[in-house]
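Colleague: I am new to this structure and would like a close look at a single part of it. Please take your time over the terms as you go.

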Amino acid sequence: MSKSPATREFARRERPISPHLTVYRPPITMTMSIIHRITGGALYFGTLLVALWLMAAASSQATFDWANWAFGTWLGRIILFGYTWALMHHMLGGVRHLIWDTGAGLEKHTASKIAWVTLAGSILLTLLIWIAGTMARGA
């Protein structure tokens with residue numbers, strides 16, 4: 001530490017405390033940005049599963065049956081549901097960023113609305129995809 005009287009006086013002053021999550025509420029746009037990055041990472045894992053399923057389909061009937069069984073278990077279905085949601089959320093997040101790239105929707109209120117629409121849209125699209133898949137499989 002410096003021996004200068006100016007810096008010693010500054011060091012003695014009480015410094016402000018940075019806001020913590022208990023004080024600061026992250027805005028929806030920040031939350032959606034973080035989730036967009038997380039879903040991007042999750043899509044790498046999910047795409048590996050799709051590639052494994054395609055390789056199983058290209059190999060033997062027994063391997064394909066095993067892969068279908070694994071994806072048909074409750075854990076496999078939860079993973080596939082999460083992959084579907086991550087894909088829809090990441091896609092809509094990309095559309096949101098594309099809109100922003102045009103210079104539209106950058107106002108705070110509009111950006112928050114678009115973020116909420118992204119979340120609601122990803123949930124709705126995921127449910128519609130799974131309902132359509134269930135109906136097609138049952139028919």
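Is Ala111 buried or exposed, and what is its relative accessible area?

Modeller: This is a predicted model, in which local features need pLDDT of at least 70 and side-chain atom pairs count only at pLDDT 80 or more, while totals for chains, interfaces and linings use all residues. Residues are numbered from 1 along each chain as its sequence is written, and side-chain values use heavy atoms, with hydrogens and water left out.

Ala111 is buried, because its relative accessible area is 7%, and buried means under 20%, with exposed over 50% and partly exposed in between (1.4 Å probe, protein chains only). Ala111 belongs to helix H5, where helices are DSSP runs (H or I, at least four residues) numbered from the N terminus. Leaving aside residues up to four places away in sequence, Ala111 touches Thr29, Trp100 and Gly105, contact being heavy atoms within 4.5 Å. Thr29 is 82 residues from Ala111 in sequence, yet their C-alpha atoms are 6.8 Å apart in space.

Helix H5 itself covers residues 108-138, 31 residues in total, and spans 45 Å from its first C-alpha to its last, close to the 45 Å expected at 1.5 Å a residue; that expected span is 1.5 Å times one less than the number of residues. Its buried residues are Ala111, Ile114, Ala115, Thr118, Gly121, Ser122 and Thr126, and they pack against H2 and helix H4 (74-101). An α-helix has 3.6 residues a turn, so residues three or four places apart point the same way. Thr118, also in helix H5, is buried with a relative accessible area of 4%, and touches His89, Leu92, Gly93 and Arg96, again not counting residues up to four places away in sequence.

Notes: Helices (H or I, at least four residues) and strands (E, at least two) are DSSP runs, numbered from the N terminus.
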